[in-house]
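Have the structure open as you read.

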Amino acid sequence: MGGSGIEVASQVGKGSKFSFSLDFSCSAKELEGNCNLVAEMPTPHEFSGKRLLLAEDIDINQEIILSLFEGSDFAIDVAQNGVEAIEKVQNAKQPYDLVLMDVKMPEMDGLEATRLIRRWPGAAQKTPIIAMTANVFTDDVLACLEAGMDEHIGSPSTLGKCWEKSGN
């Protein structure tokens, strides 16, 4: 996973400290060696007329993500859970161009919401869905891909780093 090492510091009677570093700036497909997420990040003018659905139940994460898109022409709708995300996708007069989907949400998680969106006839089957989650182990990434998500990023801060690297 691109880590640079593992360190252990231990003191008898006090405990042990384990530390390691991993590079989570890559996407799920990069882990498979198939793409470069940074190269695919659009520029703000490419957002003109585009619609984004943010499915995220935590207010601070919503604020972080929304701030990343400030100054862009992206029209952004927010869903608080998977049920609301499905309703917004199904009732949209114009299909979304992108869905950023949290995995762990109340009422219905992002994995199940994605499975149901992918079964819905029409444009929703082709809408890119990117998982945003703190769950970054290989099994977590694979679960997202198996549910029908197109990409996986480790957190809103990862999205921000990709955005900054793309020159925006």
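Asn81 sits in the loop between β4 (75-79) and α4. This is a predicted model, so take the distances below as values computed from it.

**Asn81 and its surroundings**
- Asn81 has a relative accessibility of 7%, and because the cut-off for buried is under 20%, Asn81 counts as buried.
- A polar atom of the Asn81 side chain lies 2.8 Å from the backbone nitrogen of Glu84.
- Asn81 also makes a side-chain to side-chain polar contact with Glu107, at 3.2 Å.
- If you skip the neighbours within four places in sequence, Asn81 is in contact with Met105, Pro106, Glu107 and Met108.

**Helix α5 (residues 110-119)**
- The buried residues of α5 are Gly110, Leu111, Ala113, Thr114, Ile117 and Arg118.
- Looking down the axis of α5, those buried residues fall within an arc of 160 degrees, so they line one face of the helix.
- An α-helix has 3.6 residues a turn, so residues three or four places apart point the same way.
- The cover over the buried residues of α5 includes α4 (82-91), β5 (98-102), β6 (129-132) and α6 (138-147).

**Helix α3 (residues 59-68)**
- Asn61, Gln62, Ile65 and Leu68 are the buried residues of α3.
- Seen down the axis of α3, they fall within an arc of 125 degrees, so they line one face of the helix.

Methods:
Residues numbered from 1 in each chain as written. Predicted model: local features only at pLDDT ≥ 70, side-chain atom pairs only at ≥ 80, totals over all residues. Heavy atoms only, no water. Buried < 20%, exposed > 50% of the residue type's maximum accessible area, 1.4 Å probe, protein only. Helix = DSSP H or I, 4+ residues; strand = E, 2+ residues; numbered from the N terminus. Arc of directions from axis to C-beta. Contact = heavy atoms within 4.5 Å. Polar contact = N/O pair within 3.5 Å; in protein donor to acceptor, adjacent residues only side chain to side chain.
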